[in-house]
Every structure is written in structure tokens, then in C-alpha cells.
Amino acid sequence: MPRFSVIVPAYKVQAYLRESLESVLSQSCRDLELIAVDDASPDACGALIDEYAARDPRVTAVHLAHNLGLGPARNAGLARAAGDYLIFLDGDDTLAPGALLAITDRLKATGSPDVLVYDYARTFWTGETLRNRLSHHLREEGPASFRLADRPALLGMLMVVWNKAYRREYVEREGLAFPPGFYEDTPWTYPALLAAESVAVLDRVCVHYRQRRTGSILTTSSRRHLDIFDQYDRVFGYLAGRPELGRWRAAVHRRMAEHFCALYADPRRLPRGCRAEFFARARALLRRHRPPGPRTVPASLSRTDRLRHALMRLGVRRTYRVLSVLRTGAVAAGRAGVVVGRGLREAALRLHYRVQRMLPLRPELAVFSAYWHGGYACNPAAVEAKLRELAPRMRTAWICEPRHASTLPPRTAALRPGSAAYWRALARATYLTTNVNFDRGLVKRPGQILLQTQHGTPLKRVGLDLLDRPAATPTTDFAGLLRGADQWDYLLSSNRHSTLVWERAVPSSYTTLEYGYPRNDVFHRTTRAEVAQLRERLGVPPGSTVILYAPTHRDYRRSRPEHLDFERVLRDLGPRYTILCRTHLTYAGSVSPQVHPRLVDVSSHPSVEELCLASDALVTDYSSLMFDYAILDRPIVIHAADWEAYEAARGTYFDLRATPPGAIARTEDELVDIFATGHWQGSRSAQLRASFRSRFCSHDDGHAAERVVRRVFLGECVPTPPIVPLADRRPAPAAAPATAPEATSAPLVAGLWP
């Protein structure tokens, strides 16, 4: 008997069905059966299902003679299910990687509940991914399992069948089945939740809910949307037969009213000719099932929503329409007022900035910024700290959003972007330092000094070298880029390669300071004990070999790629390994799966330098982090699974495969083998790393920040202190000596070495 029966109905989803089925069959938890139901689809869905059934014994193909709809198709799959738990997945949606393993672990931890509710994310046809906004209801706090009465807020979530796992014995005991028609989830999910003796939650995205541009029920105009009334009649019929559940009538009635109002307000669903009929039937149903006794309205329900519910229940459609028009007008007027107010404020700030530019510069004031108004980080932070040390008379200010203000040191003032203080500082500060660019409205004054630190050694093409790469730069303003560069007085470079690239790709009259990167100074002054403390704060188990996994973004795709099956990699590597996973900052807010206790998501950790220090090895693809990590003289493994696609889309300055900083893996199997055999820290890896360090780390000796401060802020022309030779440097040691197996002399996998 399998652990899971995954039921996937399919009708006119041939473009998405293969991805949906693959998302199930590729799960790291393989104890499942996949029941794919062809609902007499006129396209290739049936053939695709047969193809998968022929090659994987876990797949059962079911073909219906006539198109019956989602509900009956699910019932057909349900009749063949033998798993302990039932999971429903629509044919255009997908399971997130590692979802079934996470569900398995949560079911064990919560004592095999009747229903487990998990989270989902909407994936739009534009490539955007957005997590369910009510995900806070799924926090795993309090009792492991409970009755719905203990967490009634779950009833306010989307009432769909595919964000839950159901114990099959419970479903059979309750006799749950799907009716025909649209909104077939409604008569299933309400009874399933209300009658459950035990419910549990999993705070993890397990389903990617595809938002199709066309073709879905939610974007189809049809009279079949009137099926919603029969579905809610079934729900209240169920409650009538279960007197012990009568206390839920008011909550379900309120949710029904919300559902009716939302459907009526959506112009994509109801044809104009049936809107009056919809309103009349909604009135009748709301009156028929109105619970007796006094009504309690939750505080979360706005006055407008209460009024809309009441007007629909009373059947006064014209008044309802007037209210809707007034509400729309009020929203539009509010937006217009905001626009006007914003325009007046911006005009006032522009005038304020012009006035401030007439006042003398403040020679003791230095303004810093990093990563588009982010927190205290990168080269600007290291320069700011060294400036306060060497020139304590200087006053420093940091431009950042309010949520990042807590990252600033006590003596550094926070400047909110766009505020009067922000513009005053830009107008009066003598020194301006950033690793990206300042506001396009900045007018650099005579006497102001602007230091551009950059934030990485370029492997991928940058600046004007992207003119022939439109796929990588759909919105790049090259003229604006050069206008910004014309304001730079100094450009900081970490090595000769970077100097040559920047001076060609972003040409202007700035002076290049080839001093190394100040942010990397910490790699030379951190002790072994401090490294151990960092690991402890990150939650790394004692004795672990820590891999920092830090892939870069992809210009040829908009969504965050799923690079590795972390559960599988950690299982194959064994209990000695822990992975710190840091996604690229362009994927902030994306779904970051937590699939294993030895996988630590450090994407939001404020200091990537601390993550480097805490790790024993770096695994990356084409991220510039490899150039910084090489300073530590610790192993680096390149996972170049899509080099050809990356090179075609973005372009690179050299072939990383020919001169890598360590072993190269083209597949996940090769990556696992590199660590399992010890090649990641073998002699060949050390030779490649030494050559890479000699080429790219010649200036990063722990004194870059001091050289920058003495030249830019103190006016010393000779770089001080002088560069420490590479052979004389002693970078921070790892927390403990590595104990991986010694590498064999010959590679075990193809493509291991260049």
C-alpha cells in the first residue's frame, strides 16, 4: 500500500500536463501512486497519460468515455486510490520539489491527522511567483493536531481541495465525494474540515497554483458559474444532517456571502445576461440558509463588506450597484489624491534640494549606500567603518529603507530615501560612496567626491558589453548608465581583470583604484574561534562539513530556477554535511523550500562574508562570489549545469570551464561524486585554486579599506599600506580541519577537471 495516492484530472491541459506529472514522479519521496484521469480531453492529454503509465509502474491511467468535469474525474481517481493519504493536483498545477517528503515528515510529527493543510504559491504566466497572502494561518505553533474549532481562521483560507492531504480511511468513513459542476471543491472541503477529528498544518509551499492567461475556469465567462448555488446548497444540506456541526452555520454563511460578492464583482465570469439571475438566486440562498439567532460579525470584516452582504441578502441590486460604483469612485479618487499629493511633495523636495545645493558643502560629512537602499553591507560598509576608525571627526550617514535601519552602527545616521534629510545630505555631503548608483536626480556639485565601489568581479558581461545581448538587458538604459559613470571620481577595482573590464564596459574619466575589495578584509582578521561562533549562530550542527550553496540569477528566465534536489543531495552525502543555501537577491520573496533539517536557508542573512567564513566549501555556478571566496583559500566547486544557455543569454569574459577555481560538475550526480570521493579538497582542486587566486586575488590582503580611506578621504596619493604578497597572507581558518575522504588520483566522473 503506497503512502500517497496523487489524483490528477486532466482536460485541455496538454501544454502543462507533462510538467504536472513530472513534478509528482520526481519527488524525493517515491512511496506513491499517481492516478491520472483523462476526462475525455480532446487534445493530447490521454496520450501523455498513457506514455507515463507505460514507463512508470506507479502511474495508473484512467480514461473516461465522456467529459464529466473535475468533480466526477476526481471521483474516478478516488475509486482506484489505495494510498494512506489522498492528494489532489490539477493537471496544470505542480507539486513543489520536496513537497511529499515535507508532508510525510509533518504527518509523522502530528500523529497522522485526518486532514493536513499546507500552503501554495500562485505562479503567473508572466513568471512571477506570489505566496498565499494568508500563509500566516499555517504557523506550526501550539498543539501538533487540533479540531477546527481551535483554529477557526483556517476556514477563511481558499476553500480548494488541492492544498490538503486527506487520510483515506477518514474520507471513506465520511463518504466524501465530488459533485458535478463548477465549484466542486466547495461541498468537499467544508465537510472535510468541519467533521475532522484532527487537523494539522504545514507552513510550507507544496503546490504551485498556475495562473493561466486564458483557459481556466476563473477566466471563463459562462452560465455554469451559477453552479455555485447548488454547491452551497449541498454544504448546508450536509450541515443539516449533522446537528453537532450546527455552530458552523454562521461562519459558512458568511463565507458564502463573501464568495457570492467576489464572483458577482468579477466581470470575467458572469455573462451580462445572467447577472440579474445570479443576484436573485444569491438573495434566495442567503435568506434560506441564514442562521437563526443573533449574528456576530468578525472584526476583520469591513463595514463596506457587511453592507454588501446585507444588500445582496435583501436583493436590492440597484442599491448594490450604486454602492459598487461609489466604492470604485472613492478608490479612484483616493488614488488621484495620492498622485496629486505625491506630485506636490516631490515638487517641494526638488525645490528643497535646489536650495540646499546653494549652501556650502560640509567637508566632514560622508554619505553611503549599498544595494539599492539596502542595509549596512558590502564595500561601502567596510569603507564607512574604516573611515570612522581613521578619521573620527567625520560624520557618516547611510541611505536605507526604514526596515534596514537596525543594521546600522550607532554613530551612523539613517537617511530614508526621498526624504528632505536625504536630499539635504546629497546636496551638502562632500563624500558620496555606493556600490550601485545614486538617485538619478543627483546633481553632482563641484567639490563633491563620488566613490563607486562595485560589488563583484565580473565574470558575466556588464555595461556596454551588453549592447548585443538584448535578452539579458531588456530595460537597460545605457545612456543613463554612462551619465551615472560620468559622476564617478573613483572606481574601486579588486584585480587587473576587473580594471580592464570596467574601463572598457563603462568608459568615463574616473580614476580606477586597484586596491582590492574592502568587504573582504574580514577574511584576514577573523579567528578560528570567531568562525566557530558564526557556525553556532547559524544553527550548524557541531562537526558538520558546511557547504555554502550560492547560485546566481538567470537572465534567460524570470522565475527562480530549482538548481538542486537538496533532499537527495544531502541524503547521498550523508549526515556529516550541512548546506547553507543563499538565493540571489533578485529572487527576494520567492519561494525557498525547506526540505531537510540539514538545509539552512540563509538567503536573508545580512552578511555574505559571514556565510563564507562559516563554510568549509563553496558550491556555485557563475556567481562573482567565487572570486571573493578564493581569498579564503578554501575549496570551490563549480556546478555548471547550463553553461551553454547562460553563455548564450548573458555572455562571459572567459570560459570558466577552462580556468576554474576547483572541480567542475555538470550534473547533480557529478556534484555528489565530487564530495563523496574527496575531489573537492584534493590536490588537483588546490592547484586550480592557487592559479585562480594568483589571477584574481592579488590585492585582497586585508588592508583594502585602509588604502581606500587614505586615498579618497585623507588625500594620501601613495597606496598605504603596501600590498602583502599572496604567499605571506594567512586568511581565516575554517572552524575545524576537513575530514573528507582523500581524493583518488584519477577522476571518477567525466568533466571533473578542465
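A residue counts as buried when its relative accessible area is under 20%. With that cut-off, both Tyr232 and Phe260 are buried in this predicted model.

**Aromatic pairs**

- A search of the whole structure finds 34 aromatic pairs.
- The ring centres of Phe182 and Tyr183 are 6.4 Å apart and the planes stand at 70°, so this pair is edge-to-face.
- Phe182 and Tyr183 are buried.
- Tyr232 and Phe260 also make an edge-to-face pair, with 5.6 Å from centre to centre and 85° between the planes.
- This pair links distant parts of the chain, 28 residues apart: Tyr232 belongs to helix α7 (residues 227-240) and Phe260 to helix α8 (residues 249-265).
- Tyr232 and Phe260 are also members of a cluster linked by ring pairs, together with Tyr190, Phe229, Tyr264, Phe278 and Phe279.

**Charges over rings**

- Arg74 lies over the face of Phe178, 5.2 Å from the ring centre.
- Arg695 places its charged end over the ring of Phe654, at 4.7 Å from the centre.

**Helix α2**

- Helix α2 spans residues 45-55, and its buried residues are Cys45, Gly46, Leu48, Ile49 and Tyr52.
- Viewed down the axis of α2, these buried residues fall within an arc of 165°, so they line one face of the helix.
- The buried residues of α2 pack against strands β1 (4-10), β2 (32-38) and β3 (59-63), and against helix α1 (14-25).
- Ala47 and Ala54 are exposed, on the face of α2 turned away from its buried side.

Technical notes:
Residues numbered from 1 in each chain as written. Predicted model: local features only at pLDDT ≥ 70, side-chain atom pairs only at ≥ 80, totals over all residues. Heavy atoms only, no water. Phe/Tyr/Trp six-rings, centres within 6.5 Å; stacked < 30°, edge-to-face > 60°. Buried < 20%, exposed > 50% of the residue type's maximum accessible area, 1.4 Å probe, protein only. Helix = DSSP H or I, 4+ residues; strand = E, 2+ residues; numbered from the N terminus. Lys NZ or Arg CZ within 6 Å of the ring centre and 35° of its normal. Arc of directions from axis to C-beta. Contact = heavy atoms within 4.5 Å.
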